[in-house]
Amino acid sequence: MRRVALAVLCGLALGIAQAAPLRYAITIEIDDGGEIVGQVTMSGVALGDWPEAVVRLYPAAFGADRLSVTGAWVEGEAVSFESVEATTATVALVATAGQTFSLTLGYRGTVPEFAQAGGYGSYARSGDAVVLTQAYPILSPWDGAWVAHPVFPWGDAIVAEVADYEVDLSVPAGWVVVAGGVEVEVAPGQYRVEGENLRELAIVLVRGHEVQTASVSGVEVRSFYRPEHDCAGRAALAVTADAIAAFVDRLGPPPFSTLDVVSVPLRGVAGIEYPGLILVGETYYNRYPLDPLFFPMIFAHEVAHQWWYAEVGNDQVAEPWVDEALATYTSGLYFAAQGRFAEILRYWESGYAAGRLQNRTAGIASPLWEFPGGSGYGGIVYSGGALFLHAVRERMGDDAFFGALRRYRDEFRWRLATGADLLRILSDGSAIPLDDLLKTWLGF
Ligand SMILES: [Zn+2]
């Protein structure tokens, strides 16, 4: 973990200001060659005494030209900015705790062809999809210091506070915009996207995709897929809708009223969650109906992240187990509703055993950097984390366990929680102490 901050100010800053909603007003133009030019104004209330602000440019982990800051203005006045490393820039925004601020950044970037894209390919273009995730400067969270971890090539890199978004997007002719939040085509090639309480805003342009829709538990679900994947695209919609219904039954109302599921090329990952939008690798649509356990698992898992990550956030780099264990365990509620819970339990057991063989030193609650190359990460953090939560549920009983998860939602909705917060709420809700389970499974 690396933090960019003046440590001397940290003590003064803690606990002074309440989080106020952040706002992002963004304009983005993208051309046929994948060049993007944009401007973002982020505004809100300073949460501490800030000598500077830290913004992240996540796509630059795979090349500084992928996304970079071209100018910075505070209240209309040009201010200096500096690249600390490709994904992290500081901006001369001086603010005291509780003061409102407005920071405007110009930026530009190049969206690579999928074959040249690094990582999972979640910032990449192909013949029928342009995936623009984290395609703008994102303000780091402040927790007494700026949270700015290095970007690792495995796991999820982003740690962000929720914000309200207004985006004006200009795209080449022939593309349809699909976004987290609600998108409206206001003129040919001109889209307006709006969303509230989004931890980030993902945008995908598709061309020639089919769409199927469903309405479930107050959520309008859309499944976008290539025409040749009609069966898989419909199955994706059905699993997503059934998962939402199963989760609402145990966890309470859905965080968002819209959810888009979009099939795109991805590599090294089956699906990726964003607020109001899920990306799923089209490889899995090709293989459908093979993988009768794994195919629905992808959608159930990413849907669960709408509760754990999008609504209740956490530091996905320092404590990836917090949202991954919860999302994995929550996905089991979908399988339970299908009468398949024993199947998913066996999958977690074999996954955890395999993960521990791959990585003998990391545990369920280890940070991302203790899984070099991603070794053992899924088996230990996801499957092991789900088994830990299953043990807790069996100890507490269903009413107490799901009651505690609903309280965790209520207390940390649209905030960043820690593993300690989750464990405190579970322990407080349990009639029988959980200490031995925490020791056995998490080593605490
Ligand atoms: Zn996940």
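This is a dialogue on how to read several features of a predicted model.

Trainee: What radius of gyration would a compact globule of 444 residues have, and what does the protein chain have?

Mentor: A compact globule with 444 residues would have a radius of gyration near 22 Å, and the protein chain, at 21 Å, agrees with that. The C-alpha trace spans about 60 × 55 × 40 Å along its principal axes. As for secondary structure, the protein chain has 10 helices and 25 strands.

Trainee: How many residues are in the largest nonpolar core, and which have the most contacts inside it?

Mentor: In soluble globular proteins, nonpolar side chains tend to be buried together. Here, the largest nonpolar core has 147 residues, and Ile203, Val204 and Ala325 have the most contacts inside it. Of the 444 residues of the protein chain, 50% count as buried.

Trainee: Which residues is Ile203 in contact with, leaving aside its neighbours within four places in sequence?

Mentor: Ile203 is in contact with Leu132, Ala135, Leu169, Val177, Ala179 and Val193. For the protein chain, take the contacts between residues at least 6 apart in sequence: 68% of them join residues at least 24 apart.

Trainee: Is strand β23 mostly covered or uncovered?

Mentor: Strand β23, residues 277-281, is mostly covered, with 5 of its 5 residues buried. Leu277, Leu279 and Gly281 point one way from β23, Ile278 and Val280 point the other way, and all are buried.

Trainee: Which strands pair with β23, and is each pairing parallel or antiparallel?

Mentor: Strand β21 (residues 258-264) runs parallel to β23 and is joined to it by 5 bridges; Asp260 stands opposite Leu277 there. Strand β22 (residues 271-274) pairs with β23 in the antiparallel sense over 4 bridges, and Tyr274 has Leu277 as its bridge partner. β22 and β23 form a hairpin with 2 residues between them, and Gly276 in the turn has a positive phi of about 75°.

Note on methods: Residues numbered from 1 in each chain as written. Predicted model: local features only at pLDDT ≥ 70, side-chain atom pairs only at ≥ 80, totals over all residues. Core = buried A, V, L, I, M, F, W, Y, C linked by C-beta atoms within 7 Å. Buried ≥ 20, exposed ≤ 12 C-beta atoms within 10 Å, placed from the backbone. Contact = placed C-beta atoms within 7 Å. Pairing = 2+ DSSP bridges. Rg over C-alpha atoms; globule rule 2.2 N^0.38 Å.
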